[in-house]
Amino acid sequence: MLNRIDRYILTRLFNITFFVLMILIFVFIIIDFSEKSDDFTDRGATFYEILFDYYLHYIPEMIRLVSPVAVFVACLLLAGQLSDRLEIIALKAAGVSLYRLMVPFLLFASVMAVGVHFLDGYVVPNSNSKRSNFERTYIQKRSDRIDRNQIYRQESANRYVLINYFHIAENTAYRVIFYTFDNGRLSETLEMSRMQWSDDDERWHMRNGEIRKYSDEGYEIEMFNERDTTFNLLPRDLARTSSDVYQLTYPEIRNYLASIERSGAGGIQMPKVQYYGKVTYPLSIIIVTLIGVSIASVRRKGGRGVHIAAGLAISFLYMAFMKIIEPFGYSGTIEPLYAAILPHLFFSLIGIFLLLAAKK
């Protein structure tokens with residue numbers, strides 16, 4: 001059962017975290033707007049579009065990104081305040097150990113982690129997708145496409161496809177050739193000038209095509225102007241970008257990864273690292289809470305300033321470690337799952353060490 005001290009700590013943590021979140025989001029919006037205001041003006045974006053189509057859909061992503069920092073600052077401030085006022089010493093004298101005092105902090109961190117996990121898995125993807133539509137229209141940014149031309153895919157066990165160019169906005173593939181093999185021998189080719197995806201009936205509309213069926217005697221040719229069909233390929237299998245994972249829910253990401261593996265496309269390590277990173281990211285909230293309370297619960301010369309400086313340094317190293325190790329996962333040097341877990345594992349060990357080293 002939660003006692004009065006637990007309720008006090010939980011309430012204070014919520015209030016401080018909420019305040020820090022609002023401050024960080026406000027500062028982020030101000031800085032982001034100052035950098036992109038020229039793009040907004042040059043491209044003719046209205047105030048309504050900037051506010052509701054861009055920044056309103058950016059807020060969930062901001063909350064996801066800064067939640068660990070906000071919780072960390074809240075833990076540092078509150079634990080430091082309790083330490084400066086000798087309240088932690090009084091609680092210890094009353095038989096409350098530091099481990100017991102950690103319970104409300106870790107409970108709050110766990111609730112925040114679950115909230116961020118849900119936000120990142122089911123709310124942020126939809127917001128990111130809408131924000132990306134705005135950015136493509138009003139903000140000049142380099143393309144993050146992985147595949148541009150000469151796209152190779154495996155449509156089925158014995159069929160391969162070569163696409164000269166795929167237009168993302170129109171969902172149209174140009175100069176397409178399907179190769180079908182039978183027992184290692186080429187049995188059929190399907191060539192067309194273009195094929196376009198239709199969301200209405202979820203089919204590919206082929207135009208100006210030619211089918212060649214090969215046999216020991218030669219081959220037969222069948223021409224067609226228009227034809228509709230289905231393939232084991234979707235537009236997302238062809239128009240891959242480095243930000244795809246951030247616009248999909250968890251179930252959609254798993255289907256996306258399965259479709260990449262099925263189609264034989266390369267570069268699957270990057271979306272795997274991004275997926276595992278999304279899933280494990282909420283753990284950082286619990287870990288920084290463990291580190292923050294362990295640091296701030298011990299009185300040091302310099303007071304709260306030392307706590308905040310040490311906390312910010314560790315927070316920076318934590319985030320830097322996560323970014324530094326990602327490229328090794330992208331290249332396959334480290335397994336994608338390990339690339340996502342290692343930073344959390346390393347800093348959780350630091351948190352446990354700091355907790356054991358703190359005065360109980």
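Q: What relative accessibility does R100 have?
A: This is a predicted model, in which local features need pLDDT of at least 70, side-chain atom pairs count only at pLDDT 80 or more, and totals for chains, interfaces and linings use all residues. Residues are numbered from 1 along each chain as its sequence is written, and side-chain values use heavy atoms, with hydrogens and water left out. R100 counts as partly exposed (buried is under 20% relative accessible area, exposed over 50%, partly exposed in between, with a 1.4 Å probe and protein chains only). The relative accessibility of R100 is 29%.

Q: Which residue forms a salt bridge with R100?
A: A salt bridge is a side-chain nitrogen of Lys or Arg within 4 Å of a carboxyl oxygen of Asp or Glu. In the bridge of R100 the closest N and O atoms are 2.6 Å apart. The pair links distant parts of the chain, with R100 in helix α4 and its partner in helix α1, 94 residues apart (helices are DSSP runs of H or I of at least four residues, strands runs of E of at least two, numbered from the N terminus). The partner is buried, with a relative accessible area of 3%: D6.

Q: Are α1 and α4 roughly parallel or antiparallel?
A: The axes of helix α1 (residues 4-43) and α4 come within 12 Å and cross at roughly 20°. Angles under 35 degrees count as roughly parallel, over 145 as roughly antiparallel, 65 to 115 as roughly perpendicular and the rest as oblique. The angle therefore makes α1 and α4 roughly parallel.

Q: At what angle do helix α2 and helix α4 pack?
A: Helix α2 covers residues 47-84 and helix α4 residues 98-138, and their axes are 7 Å apart. The angle is one that makes α2 roughly antiparallel to α4. Its value is about 155°.

Q: Which residues do salt bridges that share partners join into one network?
A: A search of the whole structure finds eleven salt bridges. One of them pairs E222 with R227 at 2.9 Å, N to O; E222 is partly exposed at 32%, and R227 is partly exposed at 29%. The network is made by other names: E61, R64, D120 and K278.

Q: Which residue meets R159 in a salt bridge?
A: The N to O distance in this pair is 3.9 Å. R159 counts as partly exposed at 21% relative accessibility. Its partner counts as buried at 5%: E155.

Q: Where is the place of E202, which has a positive phi?
A: Most residues other than glycine have a negative phi. E202 has a positive phi of about 50° although it is not a glycine, and E202 is exposed, with a relative accessible area of 54%. E202 sits in the loop between β4 (185-198) and β5 (203-215).

Q: In which strand is N208 found?
A: N208 also has a positive phi, of about 50°, and is not a glycine. At 48% relative accessibility, N208 counts as partly exposed. The strand is β5.

Q: Which helix gives the most to the nonpolar patch?
A: The patch of about 830 Å² is made by Y99, L337, Y338, I341, L342, L345, L349, I352 and L356. L356 is exposed, with a relative accessible area of 55%. The helix in question spans residues 336-357 and gives eight residues: α10.

Methods. Patch = residues over 30% accessible without salt bridge, like charges linked within 9 Å, V, L, I, M, F, W, Y side chains within 5 Å. Areas by Shrake-Rupley, 256 points an atom, 1.4 Å probe, with all protein chains shown as cover. Axes fitted to C-alpha atoms, helices over the stretch in contact; angles between N-to-C directions.
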